[in-house]
Amino acid sequence: MKTVLIGMNNPLSGARNHALYPWPPNCTGWRLWKMLEERCGATEKQYADGFERINLINSLNWRKAEARPAAERLLPQLEGRVVVVLGAAVRDAFRLPPVLVKPVVDRGVTWRQLPHPSGRCRWYNDPRHRKIAGLLLEEELVRGREA
């Protein structure tokens with residue numbers, strides 16, 4: 001099964017199929033794809049098709065009060081899956097401990113966490129951190145193909 005990537009919301013579109021999509025340039029999905037491309041040469045299509053991409057809230061605006069109930073509704077669908085949570089807001093909605101990259105198994109889900117890959121997150125300014133994120137994404141892309 002494909003790894004699930006879960007972001008906050010898409011400020012440009014509430015459409016589910018636009019969740020973490022690699023367009024337009026510099027959006028969250030585009031940044032994820034670029035790290036993967038840098039790591040292993042993955043194309044936009046390979047990124048878009050290689051993961052199940054979900055936003056916790058399908059709205060143009062992030063609403064913290066809606067995040068936890070949305071996470072609780074989503075949890076049964078994630079059981080038995082590998083899920084990469086993007087950012088502290090999504091992590092907190094799922095009530096996960098702050099553990100970057102390393103897998104954490106909780107409630108039947110294997111969780112992996114990365115900081116939110118927005119342009120405002122400075123963690124990705126360090127080339128070593130981008131490499132770590134790219135490696136995690138490559139690992140999950142390959143694992144999803146083999147499943």
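A residue counts as buried when its relative accessible area is under 20%, as exposed when that area is over 50%, and as partly exposed in between, with a 1.4 Å probe and protein chains only. The model is predicted, so that local features need pLDDT of at least 70 and side-chain atom pairs count only at pLDDT 80 or more, while totals for chains, interfaces and linings use all residues. Residues are numbered from 1 along each chain as its sequence is written, and side-chain values use heavy atoms, with hydrogens and water left out.

**Exercise 1.** Describe the ring pair of Phe 94 and Trp 111, and state whether these residues are buried or exposed.

*Solution.* Rings of Phe, Tyr and Trp (its six-membered ring) pair if their centres lie within 6.5 Å, and planes under 30 degrees apart count as stacked, over 60 as edge-to-face and the rest as tilted. By this rule there are 3 aromatic pairs. In one of them, the ring centres of Phe 94 and Trp 111 are 4.8 Å apart and the planes stand at 50 degrees, so the pair is tilted. Phe 94 lies in the loop between helix H4 (88–93) and strand S4 (104–106), whereas Trp 111 belongs to strand S5 (residues 109–114), so the pair ties together parts that are 17 residues apart in sequence. Helices (H or I, at least four residues) and strands (E, at least two) are DSSP runs, numbered from the N terminus. Both Phe 94 and Trp 111 are buried.

**Exercise 2.** Classify the aromatic pair of Trp 123 and Tyr 124.

*Solution.* With 4.9 Å from centre to centre and 85 degrees between the planes, the pair of Trp 123 and Tyr 124 is edge-to-face. Trp 123 and Tyr 124 are both buried.

**Exercise 3.** Work out which parts of the chain are linked by the salt bridge of Arg 39 and Glu 138.

*Solution.* The closest N and O atoms of Arg 39 and Glu 138 are 2.8 Å apart. Arg 39 sits in helix H1 and Glu 138 in helix H5 (residues 127–146), so that the pair links distant parts of the chain, 99 residues apart.

How values were computed
Salt bridge = Lys/Arg side-chain N within 4 Å of Asp/Glu carboxyl O.
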